[in-house]
Amino acid sequence: MTPLPATFNPFAGIDRGRIMRTALLMVAAMALLGWLFSQADAVTSDDNQRYGRDLRQLLNIDSDLNAAVLASGNGLYRDFDAVTRGTLALSDIGTALQRTPGFLDERDRNALDREVVELRRLTARKAELVDHFKRETAVLRNSLSYFPAETDALIDDGMLPPPLSRRVGIFARTVMTHALNGDPALSRTVAQRLDALVAASRELPPPLAARLANLLAHARIVLERKPTLDALTRDILELPTTARGESLIRAYAAGYQRAAERAHTYRVLLFVVALALAGYLALAILRLQRASLALAGANRKLEERIETLRLTQSELHLYANVFTNASEGMAITDAEARIVAVNPAFTDITGYSIEEIGGKTPAVLSSGRQDAAFYRKMWTTLARRGQWQGEIWNRRRSGEIYPEWLSITAVRSETDDISHYIGIFSDITDRKESEARIRHLAHHDALTGLPNRLLLQDRLAQAILQARRGERHAAVLFLDLDRFKTINDTLGHEVGDGLLRQVTQRCLAAVRETDTVARQGGDEFVIVLPDLEHPQDAGIIARKILGTLAQPCRLGMHELTVTGSIGIALYPGDGNNASMLLRNADAAMYRAKADGRNGFQFYAADMNTHSLGELLLEHQLRGALDRDELRLYYQPKVDAADGSLRGCEALLRWQHPDLGLLSPGRFVPAAEESGLIVPIGEWVLRETCRQLRAWLDAGLTPVPVAVNLSGQQFAHQDIVALVRDVLAEHRLPARLLELELTETMLMRDVDRTIATLAELRDMGVTLAIDDFGTGYSSLAYLRQFRVNTLKIDRSFVHDIRPGGSDGKIATAVIALAHNLGLQVTAEGVETAAQQHFLARHGCDHLQGFLFGQPEQADVLATQLAADAPSHAVPRANDGPSALAHAC
């Protein structure tokens, strides 16, 4: 670019004095215009709208607060949220009104301030009264809530003499009436009756007198607080906050009107001055036009030079920012690879500053992990392609070795010779550590750190290959902790996780370093034992693991003892691949559990056959309802005194198409484990009620029939709604249905059980506790369970003999039930000696093969027709047995 001449003057030929005079005149005119404009625009719509909105809100908030006080005083609001919000809002709006608009003159602003001060005084007084109102209302509500409830409880207890009880009831109604209307005459009547009752309470026994005195104390609170609360309400409503707000609105409207008139006057002056200035500006523009033409040429030349300098400076600034602020480390070397510049990121990563490393080669960063061949290949690539990139390990100034991703570019001069090298690198330590963590998590269990299924498959495959090459044995041990779910459910998952970690450490301590302990999931562990000389060695390891597991585990405040069941499969005898060995070890583990747990079993061929049979049975059971294969049989229950028919129990059977008639013990466990017990139990209940309806429609008088509920039904179904719907559907009286529940079911959730039993009992359904004595129940809870009957388990009846322990237990159960007002049914009665023993000791009902085998509905219908006179009118307190779909 050609430089400007040294004598160049862009302002030559311009009258500078005239320009200065014109500029001063323009400044003065603009100042005048600005002042006039500010005065004309002093009245702002935003301030006016804000203050007007605040004034309107003041009246609305005050009105809402009065309404909320009335509503709270009359009990329409159960809390004080609306009153509290109104009080706070009224205070806030008073504060906001102190900020008066700036366009008002001093006189109007002072008048408005006085109005606001008086308003805030009134709102503060109203806030004090409202606070007092809330306290009085809370005290009165407490007594009004307690008084009628305690009155009803005192009268219902029946401990008061009848005349006094009636007086208390009448007095309670009078007090509640006075609480509603606050009539002064009624107040005097209440006070007289209160004094009379206080005198009467002194003649009562001390506990009863204290209880009545407490009740009358709350009545006195109602009597005394009601007038106070009414007076507070009147004081709050009569405060002239609304009138003061309206006065404030009028004062502001007058001030706003005067301000608007002043602004209009200034707008007229602004218009006149603007016209004069516009004429002068037209003349000035003509004079300045000539000067602007002279300046235009000079400006163009200056702009060209300035633009060139700006672009150059911008590029240099950009390059400096990139080099300085880059997060990657950068180093620039000369053609001999001597470092001439580094950026701050280089120093942060390596620890070397430019003063320490300047003039040296990057070899000072070498970690020694790459050999000379690596660097020869790198320089060869640089020479051929002009750049190289890859992963390299370097050493920091502190001596720490770290991985980095390095990119080197060769810079060539105008003669195409290499003048510099630029190295750019980033520390990839975090990425390397993340990759290592991901690889670990992909192959290990997060809780225990043990190999997971994926790594287990690899370790097991390696063990098989090693055993095959060495012609030796390998073993797979499948370990499952016994009753671990109970620990998790009762003590929580944190305790369960701690137990799993301790089990992991004990298993690792019990095996060799070459063995693998893996976690399958949950409480299942797999141990791979490679290179076994004798198959019996697997049993030794299993016994060692069980022994170390049996030692108590300390988990926080708990000391637990856990056992395990181990299944063992051997290579090559029990399988020649990983999946077969795992499957067979799993089957052996289930056999160990079936044999009593806390032991181990070697795999045998019949284990899978049995498991397959159970699986097929469960699969076939899923369609049994749809194929109409389920049947109900009915077993009689007789009166122990005269042998008359008093009820029956419905027993479930499965008419299997291939295996014939199956008893519940053959298929109910599979139904419970698969969850099918819930729909099957509902079918039993509906089928029983349908059969009862059929007997009634046939003109027979059926006896109550018992239905046994499963634990899953009771826990997961709305059993009350189900029973109510089924009884309504078949138009059955509830006394014909009895529900049997076990002790274990009842104790799972005691509070829910008590509520459910109460609803069923109120419905009229008879309730029985089945197999009493075989589970666990608290006698304290037993008194709260609203049941009708206890059923003595057949195990206590089977060996009844003179002096026998079972006879003593049966006798104790009968005495216990009768003391609790319950009836007793003994099941499993098969001999006349058992019958006579139970009848002699007061057992109410008997059930067993001695009185009849379970029969189909048509056979029982014949017996109902023959025995009609003996059970035509069942007694209301006869406890029917229970419908049992599992016996």
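Modeller: A nonpolar core is a set of buried Ala, Val, Leu, Ile, Met, Phe, Trp, Tyr and Cys residues joined through side-chain atoms within 4.5 Å; buried means under 20% relative accessible area (1.4 Å probe, protein chains only). This is a predicted model, in which local features need pLDDT of at least 70 and side-chain atom pairs count only at pLDDT 80 or more, while totals for chains, interfaces and linings use all residues. Residues are numbered from 1 along each chain as its sequence is written, and side-chain values use heavy atoms, without hydrogens and water.

Colleague: Which residues touch the most other members of the largest nonpolar core?

Modeller: In soluble globular proteins, nonpolar side chains tend to be buried together. Here the largest core has 79 residues, and Trp-695, Leu-739 and Leu-838 touch the most other members. Helix 20 (residues 677-697) gives the largest share of this core, eight residues. A second, separate core has 52 residues, among them Leu-215, Val-222, Leu-223 and Leu-239.

Colleague: How many of the residues of strand 14 are buried?

Modeller: Helices (H or I, at least four residues) and strands (E, at least two) are DSSP runs, numbered from the N terminus. In strand 14 (residues 645-656), 11 of the 12 residues are buried, so this strand is largely enclosed by the rest of the structure.

Colleague: Which strand runs antiparallel to strand 14 over nine bridges?

Modeller: Two strands pair if DSSP finds at least two bridges between them. Strand 13 (residues 630-639) is joined to strand 14 in this way, by nine antiparallel bridges. Lys-637 stands opposite Gly-647 of strand 14. The two strands form a hairpin with five residues between them, and Gly-643 in the turn has a positive phi of about 80°.

Colleague: Is the pairing of strand 14 with strand 16 parallel or antiparallel?

Modeller: Parallel: strand 14 and strand 16 (residues 705-708) share two bridges, and Cys-648 faces Val-705 in strand 16. Strand 15 (residues 660-662), by contrast, runs antiparallel to strand 14 over three bridges. Trp-654 has Leu-662 of strand 15 as bridge partner, and a hairpin of three residues connects strand 14 to strand 15.

Colleague: Which residues lie nearest the centre of the largest pocket?

Modeller: A pocket is an open set of points on a 1 Å grid over the protein atoms alone, where a 1.4 Å probe fits, with protein on both sides within 12 Å along at least five of seven lines; lining residues have an atom within 4 Å of a point. The largest pocket is lined by 26 residues, and Arg-483, Lys-485, Thr-486, Asp-489 and Arg-597 lie nearest its centre. Elements that give two or more residues to this lining include strand 6 (473-481), helix 14 (484-491) and helix 17 (578-594).

Methods:
Buried < 20%, exposed > 50% of the residue type's maximum accessible area, 1.4 Å probe, protein only.
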